[in-house]
Amino acid sequence: MADKDGLQIAKDYQVDVPFAQQGDFHVKGAKNLDWGMKKHLTNIFNPETGKTVMFAFDHGYFMGSTKGLERLDLSIPPLAPYVDVWMATRGALRTCVPAGLKCGVALRVSSGSSMLNDDLSHEVVAVDIEDAIRMNADCMAVQTFIGGDGQLSSLDNLSKVVNAGFRYSIPTLGVVAVGRDMERTDRFFKLATRILAELGVQIVKTYYCDNFEEVVAACPVPIVVAGGKKLPEEEALTLAYNVIKGGAAGVDMGRNIFQAENPVAMAQSVYKVVHEGMSDKDAFELYKELKSK
Ligand code: R5P
């Protein structure tokens, strides 16, 4: 075990130097993976842009029915043209999302907490790898609680899923949770994202922060960024713009799409920012135009 006191503060991130092991595959850190893993990652990250718009509507797994997600059967399908990947539970997907819609699947496989608990950091792996295979999941999402009460069990969950994922060539998406009392600093996100990457995940989901470019540079797998609490649409588009500018491989946005005044127009505008490099200002103009139609 390294002596914590002797560790030096990392600072040499060389953010302007591209990832040195990219090879000829469009997903960071994936050049040495098996063909099947690469195929799943290609279902997530567009090979032309290397980016993804992941749409998260898995909130019901601990929040129950949430504003904007009262009727999954009505609100989700119209978003399909502007979404690369559904991030959802198997229950929501099987009951409310037609399999014929052309979106990848980030299957939420950890669960075990609810809004009724003060401490949300204790989860289990709730979905068997066989069911992830049956669902044709392109990745399996596991919540982790670095620095939280449930750190050990969540990293145990994550490692079990990573191991099963390697057996069947399904990538794992490690989700960095931020507890109520946890800091949202680059120091924390550098720690958490790097731990998950070194434990073997192929994708990390985290939050935007100061010095985000350094978080990205230090993480050898692609980072997708959660939207977090609902913001005014203009600010949410600026967030999307900043994370892409900062080197993220996409967004994994939930409330800022499904709680927008017009979710379809919002998804369409976010898509333009992520895949076409549209500026946040232009994307907001587009949003207003689409919303008024
Ligand atoms: C937590 O991991 C949640 O289940 C969501 O997937 C995540 O927070 C992304 O959604 P939002 O953009 O609403 O934060």
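1. A helix here is a DSSP run of H or I of at least four residues, a strand is a run of E of at least two, and both are numbered from the N terminus. The expected span of a helix is 1.5 Å times one less than its number of residues. Helix 7 (residues 186-198) has 13 residues and should therefore span 18 Å; its end C-alpha atoms are 18 Å apart, which agrees.

2. The model is predicted: local features need pLDDT of at least 70 and side-chain atom pairs count only at pLDDT 80 or more, while totals for chains, interfaces and linings use all residues. Residues are numbered from 1 along each chain as its sequence is written, and side-chain values use heavy atoms, with hydrogens and water left out.

3. Which residues of helix 7 are buried? They are Asp186, Phe188, Phe189, Lys190, Ala192, Thr193, Leu196 and Ala197. Buried means under 20% relative accessible area, exposed means over 50%, and partly exposed lies in between (1.4 Å probe, protein chains only). Among the elements that cover these residues are strand 6 (139-144), helix 6 (151-168) and strand 7 (172-176). Just after helix 7, Gly200 has a positive phi of about 110°.

4. The ligand has 15 residues around it, of which Asp58, His59, Lys205, Gly254 and Arg255 come nearest; a residue counts as near if one of its heavy atoms lies within 4 Å. An oxygen atom of the ligand is 2.8 Å from a side-chain N or O atom of His59. For Lys205, the distance from a ligand oxygen to an N or O atom of the side chain is 2.8 Å. The protein covers 96% of the 360 Å² of accessible area that the ligand has on its own (Shrake-Rupley method, 1.4 Å probe).

5. Side chains of opposite charge can pair when their charged atoms come close. A salt bridge is a side-chain nitrogen of Lys or Arg within 4 Å of a carboxyl oxygen of Asp or Glu, and the whole structure has 14 of them. One joins Asp58 to Arg108, with the closest N and O atoms 2.8 Å apart. Asp58 lies in the loop between strand 1 (52-56) and helix 2 (60-63) and Arg108 in strand 3 (residues 104-108), so the pair ties together parts that are 50 residues apart in sequence. Asp58 is buried at 5% relative accessibility, and Arg108 is buried with a relative accessible area of 5%.

6. Asp131 forms a salt bridge with Arg134 (2.9 Å, N to O). Salt bridges that share partners join Arg90, Arg94, Asp131 and Arg134 into one network. Asp131 is buried at 6% relative accessibility, whereas Arg134 is exposed at 62%.

How values were computed: Contact = heavy atoms within 4.5 Å. Polar contact = N/O pair within 3.5 Å; in protein donor to acceptor, adjacent residues only side chain to side chain.
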